Amino acid sequence: MAEASYPEDLKYHAEHDWARIEGDQATFGVTWYAQDALGEVVFFDPPEVGTQVAKDQAYAEVESVKAVSDVFAPLSGEIVEVNATLADSPENINADPYGDGWMVKVRLSDPSEVDSLLDVSAYRDLL
């Protein structure tokens, strides 16, 4: 299991998801706090490439030894890539939530939504 961390270069959603913004695209995943609360992740049910996701709406599910939980989109857009390695290695979500445990890449439909996300300081205050 990864050590508790919240990288400074990410934006955070109140539902414990993160976004790494790179131009008109963003990579999404769940925070250290989320993966810790879930416990051992045993399955990731991703959306299809081409799916439209909406900010604050569920776009995927993760199953852990404790429960099945929705994963919420921090921003709106179109899925352009899914982390296929999670099909065989869902434990990457626990081991490396900000690296190998990323979930999807999205082409943003409304980049101004980034302004509504939390920076690392505000996210730590939320916790």
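In what order do the 3 strands of the open sheet with E4 in it stand? The order is E4-E6-E7, and the pairing is antiparallel. Let us walk through the chain and come back to that sheet on the way.

## Before we start

This is a predicted model, where local features need pLDDT of at least 70 and side-chain atom pairs count only at pLDDT 80 or more, while totals for chains, interfaces and linings use all residues. Residues are numbered from 1 along each chain as its sequence is written, and side-chain values use heavy atoms, with hydrogens and water left out.

## The whole chain

The chain has 4 helices and 9 strands. Here helices (H or I, at least four residues) and strands (E, at least two) are DSSP runs, numbered from the N terminus.

Along the principal axes, the C-alpha atoms fill a box of roughly 35 × 35 × 20 Å. Of the 127 residues, 44% count as buried. Buried means under 20% relative accessible area, exposed means over 50%, and partly exposed lies in between (1.4 Å probe, protein chains only).

## The sheet of three strands

Back to E4-E6-E7. Its edge strands are E4 (41-45) and E7 (68-72), and each pairs on one side only. Two strands pair if DSSP finds at least two bridges between them. Neighbouring strands here are turned by 30° against each other on average, direction ignored. For such angles, axes are lines fitted to C-alpha atoms, for helices over the stretch in contact, and angles run from 0 to 180 degrees between N-to-C directions.

E4 and E6 pair in the antiparallel sense over 4 bridges, and the partner of Phe43 in E6 is Glu63. On to E7: 5 bridges join E6 (residues 58-64) to this antiparallel strand. A hairpin joins E6 to E7 through 3 residues.

## A nonpolar patch

Where does Val65 sit? Val65 lies in the loop between E6 and E7, and at 58% relative accessibility it counts as exposed. Together with Val42 and Phe43, Val65 forms a nonpolar patch on the surface, with about 270 Å² of accessible area in total.

Patches are made of residues with over 30% relative accessible area and no salt bridge, joining like charges within 9 Å and nonpolar side chains (Val, Leu, Ile, Met, Phe, Trp, Tyr) within 5 Å. A salt bridge is a side-chain nitrogen of Lys or Arg within 4 Å of a carboxyl oxygen of Asp or Glu. Accessible areas come from the Shrake-Rupley method with a 1.4 Å probe, and for residues only the protein chains shown count as cover.

## The sheet of six strands

Another open sheet has 6 strands in the order E1-E2-E3-E9-E8-E5, with antiparallel pairing. E1 (11-13) and E5 (52-53) stand at the edges with a single partner strand each, so one side of each is left without a neighbour in the sheet. Inside this sheet, 5 bridges join E8 (residues 77-82) to E9 (residues 104-108), and Glu78 stands opposite Arg107 in E9.

Strand E2 (residues 17-22) holds Ile21, which is partly exposed, with a relative accessible area of 31%. Ile21 and Val114 are 93 residues apart in sequence and 8.4 Å apart in space, C-alpha to C-alpha.
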